[in-house]
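Please consult the sequence and the model alongside the text.

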Amino acid sequence: MVTGYDLEWALDQVRANAPGPVPGVFGPDTVTWRIDREAVIFLGAGRALLLQLAHPWVAAAIAEHSNTLADPIGRFHRTFDIVFALVFGSLDRAMLSSRQLHRRHSMIVGQMPETVGPFAVGSRYCANDIPSLRWVHATLVETALMAHDLVLPPLSVEERERYWTESRTFGALFGLTGDDLPADWSGFAAYAAAMTQSDTLTVSPAAREIAAQIFGGARPWLRPPRWYRALTASLLPERLRAGFGFELDEQHAKSADNALRWIKRIYPKLPDRLRYVGPYQEAQARLRGEPQPDWMTRCLNRAWIGRPQMDVRGKG
């Protein structure tokens with residue numbers, strides 16, 4: 001379990017190694033900024049969500065403590081708001097978001113409503129449990145890189161190692177220490193592969209229902225396009241894809257391939273103002289000493305995080 005003391009110890013280490021209060025935890029010279037600034041990482045958002053739902057504790061917590069189904073857009077904004085604040089926020093903004101996330105997680109506790117995989121009915125779950133946090137962290141790290149490499153030139157071996165080293169710092173913002181995470185990329189890849197093959201990831205009825213509501217569209221106007229659903233399914237391990245009841249026949253695969261072909265052709269040619277996410281552009285404006293982001297960045301921020309400015313919020 002990550003306690004408040006554990007988190008503060010981890011944040012002390014992050015602050016000591018950060019490039020400064022203005023660039024924040026990572027800064028413009030990091031691989032993390034290079035990857036997470038790309039709007040194309042949204043291609044992996046569905047995969048990351050489903051991999052998280054495949055953990056029975058996470059699915060139970062979302063089903064019992066979240067309004068995802070009632071407010072899917074709000075859930076999208078809250079998730080990206082937290083992630084982008086940790087990555088692109090000023091140092092104070094990142095520290096505040098980390099503490100807010102821990103406090104929110106500390107209230108998410110309960111008991112398994114049924115036996116799923118190795119988790120018995122009545123067993124206790126908590127969102128600040130280290131194995132659960134480690135898996136959520138892994139889905140974010142792995143999927144962002146996967147989505148990047150689908151469209152853009154893949155990272156070199158050296159860049160991948162740098163990315164994982166930086167991702168361990170990202171994990172510290174969840175309260176995870178160096179002992180909680182693999183030491184290098186090969187160790188991380190082995191951990192992720194072992195998780196996808198183990199019964200720790202078992203699609204529960206709750207997870208299947210949440211996925212069906214989001215991807216099947218309880219609200220047709222929010223339903224992801226067919227090609228996006230097909231792409232998401234193709235990025236899942238076959239066992240979990242079947243668990244969620246996602247089909248990937250020849251027609252579905254073709255729609256995903258066609259969409260990806262067009263994205264690969266068009267996306268690299270987009271101007272930076274459209275290609276890079278609003279929080280990254282706000283961070284660049286902050287580095288230039290501008291008091292607030294311009295109108296276009298504020299509009300992009302509303303799309304990504306649901307509000308015009310990342311670094312403005314009352315302390316919690």
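Helix H6 (residues 91-106) contributes the most to the lining of the largest cavity, supplying 4 residues. The model is predicted.

**Largest cavity**
- Across the whole structure, the search returns 1 cavity of 30 Å³ or more.
- The space in the largest cavity amounts to about 30 Å³.
- Leu-7, Ser-98, Leu-101, His-102, His-105, Asn-128, Leu-173 and Phe-174 form the lining of the largest cavity.
- This lining of the largest cavity comprises 4 nonpolar and 4 polar residues, with no charged residues.

**Second largest pocket**
- The second largest pocket holds about 310 Å³ of space.
- It is lined by 19 residues, of which Val-14, Asn-17, Arg-168, Thr-169 and Ala-172 are the closest to its centre.
- Helix H1 (4-17) and helix H8 (157-172) are the elements that each give two or more residues to the lining of the second largest pocket.
- Sorted by class, the lining of the second largest pocket has 10 nonpolar, 7 polar and 2 charged residues.

**Cysteines**
- The count of disulfides is 0, where a pair of cysteine sulfur atoms must lie within 2.5 Å to qualify.
- Cys-126 has a relative accessible area of 9% and is therefore buried, since the limit for that class is under 20%.

Notes:
Residues are numbered from 1 along each chain as its sequence is written. This is a predicted model: local features need pLDDT of at least 70, side-chain atom pairs count only at pLDDT 80 or more; totals for chains, interfaces and linings use all residues. Side-chain values use heavy atoms; hydrogens and water are left out. On a 1 Å grid over the protein atoms alone, a cavity is a set of points where a 1.4 Å probe fits but cannot get out, and a pocket is an open set with protein on both sides within 12 Å along at least five of seven lines; lining residues have an atom within 4 Å of a point. Grid points are joined across faces, edges and corners, and a volume is the space filled by probe spheres set on the points. Ala, Val, Leu, Ile, Met, Phe, Trp, Tyr, Cys and Pro count as nonpolar, Asp, Glu, Lys and Arg as charged, and the others, Gly among them, as polar. Buried means under 20% relative accessible area, exposed over 50%, partly exposed in between (1.4 Å probe, protein chains only).
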